[in-house]
Amino acid sequence: YEAGESVGVKAAPAVEGYTFSGWTTSDAAVADGKFTMPEKDVVLKGSFEKTVIKVEKVQADKDDITLTVGDADKITVTVTPDKATDKEVTFESANENIVKVDENGNIVAVGPGVTTITITAKDGSGKSDTVKVTVNRPQVNVDEVKADKEEITLEIGQTDKITATVTPDDATNKDVMYE
């Protein structure tokens with residue numbers, strides 16, 4: 001090109017995963033896709049920005065989980081679309097006295113109760129999902145049932161009462177049957 005000649009700048013190049021921001025140069029003033037050729041070489045620089053594809057949905061593989069204190073499980077998450085720029089998520093337990101969760105979705109039941117785990121996309125889209133977790137006390141079996149009396153002698157028409165004691169005190173089911 002000759003000095004003073006009007007030069008048209010090429011159309012934006014396509015680069016997958018990036019958005020073209022425009023041409024810049026310190027050697028000439030680019031306006032409306034053109035510049036006037038100065039009396040020296042011109043270096044044009046194309047600017048690109050990484051195309052950000054936000055998360056549209058975070059989906060846990062389970063809606064609810066039931067565990068016993070001490071049990072462990074894992075929540076697997078699907079993030080869509082597949083081409084989302086940042087598919088990382090965070091896991092958060094609403095009550096860590098009931099269930100703890102790590103950054104990979106591994107959960108451990110630590111105390112009885114009901115809580116939720118919230119899985120949130122890290123990309124700022126605000127997309128999330130929740131999983132309800134119910135944690136039951138572990139089964140504690142009865143060791144012994146002992147009556148307060150070993151023997152009762154009754155006359156016709158008399159009544160008495162037998163009281164049973166169940167051990168241990170924290171047995172899951174302390175109900176007894178009299179027969």
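## An exposed loop residue

D32 is placed in the loop between β2 and β3 (34–36); strands here are DSSP runs (E, at least two residues), numbered from the N terminus. The phi angle of D32 is near 55°, a positive value in a residue other than glycine. With a relative accessible area of 78%, D32 is exposed; exposed means over 50%, buried under 20% and partly exposed in between, using a 1.4 Å probe and protein chains only.

The model is predicted, so local features need pLDDT of at least 70 and side-chain atom pairs count only at pLDDT 80 or more, whereas totals for chains, interfaces and linings use all residues. Residues are numbered from 1 along each chain as its sequence is written, and side-chain values use heavy atoms, with hydrogens and water left out.

## Cis peptide bonds

Most residues other than glycine have a negative phi, and most peptide bonds are trans. The peptide bond from T80 to P81 is cis, with omega near 5°, and P81 lies in the loop between β8 (77–80) and β9. The bond from T167 to P168 is also cis, with omega near 5°; P168 belongs to the segment after β15.

A171 is found in the segment after β15 (164–167). Its relative accessible area is 5%, so A171 is buried. Leaving aside residues up to four places away in sequence, A171 touches R137, V140, N141, V142 and V166, where contact means heavy atoms within 4.5 Å. The C-alpha atoms of A171 and D143 are separated by 8.3 Å, and the two residues are 28 residues apart along the chain.

## Aromatic rings

Rings of Phe, Tyr and Trp (its six-membered ring) pair if their centres lie within 6.5 Å; planes under 30 degrees apart count as stacked, over 60 as edge-to-face and the rest as tilted. By this rule there are two aromatic pairs. F20 and W23 have ring centres 5.3 Å apart and planes at 65°, so the pair is edge-to-face. The rings of F20 and F48 are also edge-to-face, because their centres are 5.3 Å apart and their planes stand at 70°. This second pair links distant parts of the chain, with F20 in strand β2 (residues 18–24) and F48 in strand β4 (residues 45–50), 28 residues apart.

W23 is partly exposed at 27% relative accessibility, and F48 is partly exposed at 34%.

## Nonpolar cores

A nonpolar core is a set of buried Ala, Val, Leu, Ile, Met, Phe, Trp, Tyr and Cys residues joined through side-chain atoms within 4.5 Å. The largest one has 21 residues, and those with the most contacts inside it are I75, F91, I107, I117, I119, V131 and V133. Among the elements that give two or more residues to this core are β9 (89–93), β12 (113–121) and β13 (128–136). The contacts of I117, not counting residues up to four places away in sequence, include I75, F91, I107, V131 and V133. A second, separate core of six residues includes V7, A28, M37 and V42.

## A three-stranded sheet

Three strands form an open sheet in the order β7-β11-β10, with antiparallel pairing; two strands pair if DSSP finds at least two bridges between them. β7 (72–74) and β10 stand at the edges, each with a single partner strand, so one side of each is left without a neighbour in the sheet. β10 and β11 pair over three bridges in the antiparallel sense, and K100 has V108 in β11 as its bridge partner.

Notes
Helix = DSSP H or I, 4+ residues; strand = E, 2+ residues; numbered from the N terminus.
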